[in-house]
Amino acid sequence: MNRSTLIAICFAVSFVGHLAHAQTKLEKAERISRLAITEATLGDMAARAGQSLASQIEQGLQAKGKTLPANEKTMLIRRFSSAMIGLMRLMEPETARIYAEEFTERELDLLLRIYDDPEMANLMAKLPVVMDRLTPFIQRESISMATQVIADMKAEGFLSDL
């Protein structure tokens with residue numbers, strides 16, 4: 001066997017080993033995606049998103065002196081929730097691919113350990129609810145802060161076109 005053949009074989013073995021490693025990483029990422037987005041979590045998240053959409057529509061209607069009938073609100077939440085669940089299911093392969101790209105093998109292993117522990121998995125399931133509860137506060141305060149920053153900059157002679 002000549003030297004070129006030996007180098008080609010080493011390269012091929014290394015390349016195949018790399019592919020196997022990447023596949024293992026993707027398989028871990030797919031498992032994490034399935035563990036992170038359970039039916040209960042997905043249904044809850046979709047329902048909250050549907051309720052948020054309905055609230056935004058209600059606010060827009062209230063500004064016009066109108067209301068969203070209760071049956072239409074319920075229908076909107078159900079349809080939006082159903083559509084969102086479908087979208088999230090379609091996104092699973094992309095979610096796993098992004099997890100595999102963004103997380104190291106060690107980080108994926110740590111995430112799997114978290115989701116394999118029932119208490120830790122329960123904590124992880126609560127994080128979206130916590131973020132949903134914080135979001136209105138963050139949005140409200142961000143608007144107030146942005147208004148103040150813009151007013152201060154205008155007072156200093158900047159942002160004159162606003």
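Which residues is Ser 81 in contact with, leaving aside its neighbours within four places in sequence? Point 4 answers this.

1. **Model and confidence.** This is a predicted model. The mean pLDDT of the protein is 84. Of its residues, 86% reach 70 or more. Helix 1 (residues 3-36) has the lowest mean, at 68. Helix 4 (residues 105-116) has the highest, at 94. Please read any detail in helix 1 with that mean of 68 in mind.

2. **Overall build.** The protein has five helices and zero strands. Along the sequence the pattern is α-α-α-α-α. Buried residues make up 16% of the 162 residues. The exposed surface comes to about 12,000 Å². Carbon and sulfur atoms supply 62% of that surface. Consider next the contacts with a separation of 6 or more: residues 24 or more positions apart account for 71% of them.

3. **Helix 2.** This helix covers residues 39-63, which is 25 residues. Its end C-alpha atoms are 36 Å apart. That agrees with expectation, because 25 residues at 1.5 Å a residue should span 36 Å. Its buried residues are Thr 41, Leu 42, Ala 46, Arg 48, Gly 50 and Ala 54. Note that an arginine, Arg 48, is among them. After the helix comes Gly 65, with a positive phi near 75°.

4. Ser 81 is found in helix 3 (residues 70-102). Is Ser 81 buried or exposed? It counts as buried, because its relative accessibility is 9% and the cut-off for buried is under 20%. Leaving aside neighbours within four places in sequence, Ser 81 is in contact with Ala 46, Ala 47 and Gly 50.

5. **The rest of helix 3.** Besides Ser 81, the buried residues here are Ile 77, Met 84, Met 88, Thr 95, Ala 96 and Ala 100. In an α-helix, residues three or four places apart point the same way, because there are 3.6 residues a turn. Where does helix 3 bend? A kink of about 45° lies at Glu 92, shortly before the proline Pro 93.

6. **Arg 97.** This arginine is also found in helix 3. Arg 97 counts as partly exposed, because its relative accessibility is 34%. The C-alpha atom of Arg 97 is separated by 7.1 Å from that of Ala 29. Along the chain the two are 68 residues apart.

7. **Helix 5.** Helix 5 (residues 118-155) has 38 residues. From first C-alpha to last it reaches 55 Å, close to the 56 Å expected at 1.5 Å a residue. What caps its N-terminal end? Asp 117 does: a side-chain oxygen lies 2.8 Å from the backbone nitrogen of Glu 119. Helix 5 also has a kink, of about 30°, at Leu 134. The kink lies shortly before the proline Pro 136.

8. **After helix 5.** Gly 157 follows the helix, and its phi is positive, near 95°. Leu 159 lies in the segment after helix 5. Its phi is near 55°, a positive value in a residue other than glycine. Leu 159 is partly exposed, with a relative accessible area of 32%.

Conventions
Residues are numbered from 1 along each chain as its sequence is written. This is a predicted model: local features need pLDDT of at least 70, side-chain atom pairs count only at pLDDT 80 or more; totals for chains, interfaces and linings use all residues. Side-chain values use heavy atoms; hydrogens and water are left out. pLDDT is the predictor's confidence in each residue, from 0 to 100. Helices (H or I, at least four residues) and strands (E, at least two) are DSSP runs, numbered from the N terminus. Buried means under 20% relative accessible area, exposed over 50%, partly exposed in between (1.4 Å probe, protein chains only). Contact means heavy atoms within 4.5 Å. Accessible areas come from the Shrake-Rupley method with a 1.4 Å probe; for residues, only the protein chains shown count as cover. The expected span of a helix is 1.5 Å times one less than its number of residues. The bend at a residue is the angle between axes fitted to the seven residues ending there and the seven starting there. A polar contact is a pair of N or O atoms within 3.5 Å; within protein, one must be able to donate a hydrogen and the other to accept it, and residues adjacent in sequence count only if both atoms are side-chain atoms.
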